[in-house]
Each structure stands twice: as structure tokens, then as C-alpha cells.
Amino acid sequence: VQLVESGGRLVQAGGSLRLSCAASARTFNTNVRGWFRQAPGKEREFVANIDWRGGSTSYADSVKGRFTISRDHALNTVYLQMNSLKPEDTAVYYCAAGQIRGSYSDQYVHWGQGTQVTVSS
């Protein structure tokens with residue numbers, strides 16, 4: 001397994017969670033890490049990404065101001081800090097790695113298995 005997510009759980013609306021994505025040595029040659037999510041019956045959608053070297057970030061409009069993506073070079077880990085959570089944030093959250101920083105899932109080569117985030121109202 002190249003990417004392993006953790007941190008998903010049940011949380012009340014307005015609460016916070018931090019997701020982690022640990023990468024193996026096989027993803028060292030990728031430049032971008034991203035987070036996507038997929039709710040039941042919906043397409044997988046972009047959440048955020050970060051340039052591994054420079055730290056530039058991008059966010060979906062739906063999470064701007066509430067979510068923050070960051071990385072730790074030493075641990076080869078990416079984080080997604082999620083604040084002010086809403087029921088519509090409920091989804092399986094996937095970590096991804098690729099060469100091009102974009103918002104399309106086919107731009108990413110490596111994927112984790114996902115972690116469930118459930119926000120109750």
C-alpha cells in the first residue's frame with residue numbers, strides 16, 4: 001500500500017477533524033498530494049491539493065476557509081484539517097499523489113483506500 005489515510009470518524013456538525021495520509025517510499029517521486037471525497041450516490045470530488053516542494057495549495061469552493069491542507073516532509077505525510085464541519089461534508093475521503101497539481105482525479109496516479117467521515121446534524 002502506497003498511501004494510507006487515517007483520522008476519519010463520526011463528529012457533530014460544527015466540530016473538527018484532522019485526516020492524515022502517510023506515504024510509502026514508492027511515492028517519493030510525485031510532486032503533488034491531494035484530497036478528494038465521495039459521498040454516497042455522488043461522483044468523487046476534489047477537496048484540496050498541495051505542492052509537495054513549494055507548499056502552494058488549492059481548495060474547492062465548498063471547503064475554502066474551513067479546511068486546511070498541509071504536509072510534513074520528515075514524515076512524508078499530508079494532513080487535512082477540517083473545521084466547522086457540516087453534514088454535507090459526510091463522505092469517504094481519499095488521499096492521492098501525482099505529478100500535476102490539479103482538481104481532476106485522473107491527474108493523480110496513487111490513491112489510498114479512503115477514510116470515512118460522518119458529520120451528524
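Let me begin with a term: two strands pair if DSSP finds at least two bridges between them, where strands are DSSP runs of E, at least two residues long, numbered from the N terminus. The model you see is a predicted one, in which local features need pLDDT of at least 70 and side-chain atom pairs count only at pLDDT 80 or more, while totals for chains, interfaces and linings use all residues. Residues are numbered from 1 along each chain as its sequence is written, and side-chain values use heavy atoms, with hydrogens and water left out.

In that sense, β1 and strand β3 (residues 17-23) pair in the antiparallel sense over four bridges, and serine 6 stands opposite serine 20 in β3. These two strands belong to an open, antiparallel sheet of four, in the order β1-β3-β8-β7. Since β1 (3-6) and β7 (67-72) stand at the edges, each with a single partner strand, one side of each is left without a neighbour in the sheet.

Now to the aromatic rings, which pair if their centres lie within 6.5 Å, with planes under 30 degrees apart counted as stacked, over 60 as edge-to-face and the rest as tilted. By this rule there are four aromatic pairs. One of them joins phenylalanine 36 and tyrosine 108, edge-to-face, at 5.2 Å centre to centre and 75° between the planes. Phenylalanine 36 lies in strand β4 and tyrosine 108 in strand β10 (residues 108-111), so the pair ties together parts that are 72 residues apart in sequence. Finally, Phe36, Phe46, Tyr108 and Trp111 form one aromatic cluster.

How values were computed:
Phe/Tyr/Trp six-rings, centres within 6.5 Å; stacked < 30°, edge-to-face > 60°.
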